[in-house]
Amino acid sequence: MGFANIILHLWAWIFMLWSVANISIAVSPVEIPDSSCSGPQGTEFITVFMQNHLPSYGGKDFRLFITGYTPGTLVTISVNKAGIRFNVRANLGETTWIQIPEFVGLAGSKIFDHTVIIRADHEISILALNYKTYTADTTVVYPVEKLGTEYYVVTPVGNPDGLDKQFAVVAWKDPTIVEVYLKGAVTFQGETYRAGTKLVISLGAYQAVQLQSRDDLSGTRIVSQNPVAVYSGHVCVAKHTKCDHVSEQLLPVSVWGTTFIVPPLSFQPNFDLVYVAASQHTRIDYQSGKVRATRNLVAGQVV
């Protein structure tokens, strides 16, 4: 078998020794070199903030970090069906942040209206922070032109694992039917869907659905009629330390690749973890230090 498209999800950074002392939040614009790019650039984005730990635990702190590449870029942030809209200026070579209302946070397995929509008159890049005390994560937010119609979910597994894995699907400007081919059991709208079954969900424009499970949901396939954003992760997973929230916006299968370089993290003494997902039968050749090996994967498999 030759190489086929794969995607590598590097979740190692979510398993590190994060604590309040490890997290610093800029409260004023930070200059970056003019030639740098802190993330994928675009003029329209849509995002959600998945459930972080238990709803009853701690206070929520949602932020968007916005980097500008053109002087005086006007950025408008709105919350769908909430009547909330505010503006911020993103200047050339600076990153600024904006607080997002707590009520936009997702909780449980259901459909939500309060997605966050970001529009700018020039290209920007965005990083989203979902923070509670001792449990936090950031994710790159991709512009809407990067959205697709087919995804494979990756949910990290830790020990002990008493909280839910989860993913969220976010419709853009058009209503869409979403087919979810489950690799773990979920309960949605009062009905339980077992692993191996197909769940069909209808989303209106700018709506989102979050699905949670105690089962590993890795390899769950998502197919939609129109482009959607997909976020994947864990309410709070433990590895080497106390649990941390995990949230990562996924790339669609259409832009997956075949070659990846993974930098190790030097600030933790244990090991790094790499998750690899395949959309079709493929052979994976990998090397870590002097160790080389090969794995054969089938469509939808995650290792």
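**Close-up views of a predicted all-chain model**

**View 1. Surface and strands of the protein chain.** The accessible surface of the protein chain comes to about 13800 Å², and 52% of that area belongs to carbon and sulfur atoms. The model shown here is predicted, and its protein chain holds 22 strands and 0 helices. Of the 303 residues in the protein chain, 49% are buried.

**View 2. Contacts across the sequence.** When contacts in the protein chain are counted between residues at least 6 apart in sequence, 77% of them join residues that are at least 24 apart.

View 3. Phe260, Val262 and Val274 together make a nonpolar surface patch of about 200 Å². One of these residues, Val274, lies in the loop that runs between β19 (244-249) and β20 (275-278). Val274 has a relative accessible area of 35% and is therefore partly exposed, since this class covers values between the 20% limit for buried residues and the 50% limit for exposed ones.

**View 4. Thr133 and Tyr57.** Thr133 sits in the loop between β9 (116-132) and β10 (135-141). With a relative accessible area of 34%, Thr133 is partly exposed. In sequence, Thr133 and Tyr57 are 76 residues apart, while in space the distance between them, taken from C-alpha to C-alpha, is 8.8 Å.

Conventions:
Residues numbered from 1 in each chain as written. Predicted model: local features only at pLDDT ≥ 70, side-chain atom pairs only at ≥ 80, totals over all residues. Heavy atoms only, no water. Helix = DSSP H or I, 4+ residues; strand = E, 2+ residues; numbered from the N terminus. Buried < 20%, exposed > 50% of the residue type's maximum accessible area, 1.4 Å probe, protein only. Contact = heavy atoms within 4.5 Å. Areas by Shrake-Rupley, 256 points an atom, 1.4 Å probe, with all protein chains shown as cover. Patch = residues over 30% accessible without salt bridge, like charges linked within 9 Å, V, L, I, M, F, W, Y side chains within 5 Å. Salt bridge = Lys/Arg side-chain N within 4 Å of Asp/Glu carboxyl O.
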